[in-house]
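Have the model open beside you as you read.

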Amino acid sequence: MKTSDSFELNLIYATDTKIVRWLKTKSEATPFDARYAEYFEDRDTERMFREIGGRKKLNALYKTQGGICPYCKEAITVEKGFRIHTVIGGDFKERKFLLHAACHRFIHYSKNVDEPALVMQGL
Ligand SMILES: [Zn+2]
Ligand SMILES: [Zn+2]
């Protein structure tokens, strides 16, 4: 079995066993407030996790990135947890990245991380 196949199977397994419970409703969150960017990305990730089409997109991202987190360059696994991170490029196109949940958190909370650097890598 190829790595990417087992990633997709793990997504399905994780959904079926209902371990996807990292979200609570934040009624005050709005998509226009930068402070809540992470919250909305979490919702995005969670929705993709639940839907078959979403899992296919996650798997496609995983394959595009070669199964590697663009931030720490280590393998992404369902068990470690992951998040979708959205970057608007210079051409105003949205690019989505699959990152470890921990790396994603770090990017949002560290002022030293240059987000466009991810885009520069051509992922
Ligand atoms: Zn990482
Ligand atoms: Zn993000």
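1. Let's begin with the order of the elements. From the N terminus, the chain runs α-α-α-β-β-α-α, which makes five helices and two strands. Please keep in mind that this is a predicted model.

2. A word on confidence before the details. The mean pLDDT of the chain is 77, and 69% of the residues score at least 70. Among the elements, α3 has the highest mean pLDDT (93), while helix α5 (residues 116–120) has the lowest (47). Over residues 119–123 the pLDDT is below 50, and this stretch has nine contacts in the model beyond near neighbours in sequence.

3. Next, the two strands. Strand β1 (residues 82–88) and strand β2 (residues 94–100) pair in the antiparallel sense, with seven bridges. One of the pairings to look for joins Val 87 to its bridge partner in β2, Arg 95.

4. Where do we find positive phi at a residue that is not a glycine? Phe 92, in the loop between β1 and β2, has a positive phi of about 65 degrees. Lys 73, in the loop between α3 and β1, also has a positive phi of about 65 degrees. As background, most residues other than glycine have a negative phi. Phe 92 is exposed because 6 other C-beta atoms lie within 10 Å, and Lys 73 is exposed because it has 8; the cut-off for exposed is 12 or fewer.

5. Now the interior. Buried residues make up 16% of the 123 residues in the chain. The largest nonpolar core has 16 residues, and those with the most contacts inside it are Leu 11, Leu 58, Tyr 62, Ile 76, Leu 98 and Leu 99. Two or more residues come from each of α1 (3–16), α2 (37–50), α3 (52–64), β1, β2 and α4 (101–109). β2 gives the most, with three residues. In general, nonpolar side chains tend to be buried together in soluble globular proteins.

6. Leaving aside residues up to four places away in sequence, Leu 98 touches Leu 58, Leu 61, Tyr 62, Gln 65, Ile 76, Phe 82 and Ile 84. For the chain as a whole, residues 24 or more positions apart account for 55% of the contacts with a separation of 6 or more.

7. Which residues of α4 are buried? They are Cys 103, His 104 and Ile 107. These residues lie on the same side of α4 because they cover an arc of only 100 degrees around the axis. The buried residues of α4 pack against β1 and β2.

8. Helix α2 can be looked at in the same way. With 14 residues, α2 reaches 20 Å from its first C-alpha to its last, close to the 20 Å expected at 1.5 Å a residue. Thr 45, Met 48 and Phe 49 are its buried residues. They cover an arc of only 105 degrees around the axis, so they sit on the same side of α2. As a reminder, an α-helix has 3.6 residues a turn, so residues three or four places apart point the same way.

9. Finally, a look at helix α1, where Ala 14 has its place. Ala 14 is partly exposed, with 16 other C-beta atoms within 10 Å.

Technical notes
Residues numbered from 1 in each chain as written. Chains lettered and ligands numbered in written order. Predicted model: local features only at pLDDT ≥ 70, side-chain atom pairs only at ≥ 80, totals over all residues. Pairing = 2+ DSSP bridges. Helix = DSSP H or I, 4+ residues; strand = E, 2+ residues; numbered from the N terminus. Core = buried A, V, L, I, M, F, W, Y, C linked by C-beta atoms within 7 Å. Buried ≥ 20, exposed ≤ 12 C-beta atoms within 10 Å, placed from the backbone. Contact = placed C-beta atoms within 7 Å. Arc of directions from axis to C-beta. Expected span 1.5 Å × (residues − 1). pLDDT = per-residue confidence, 0-100.
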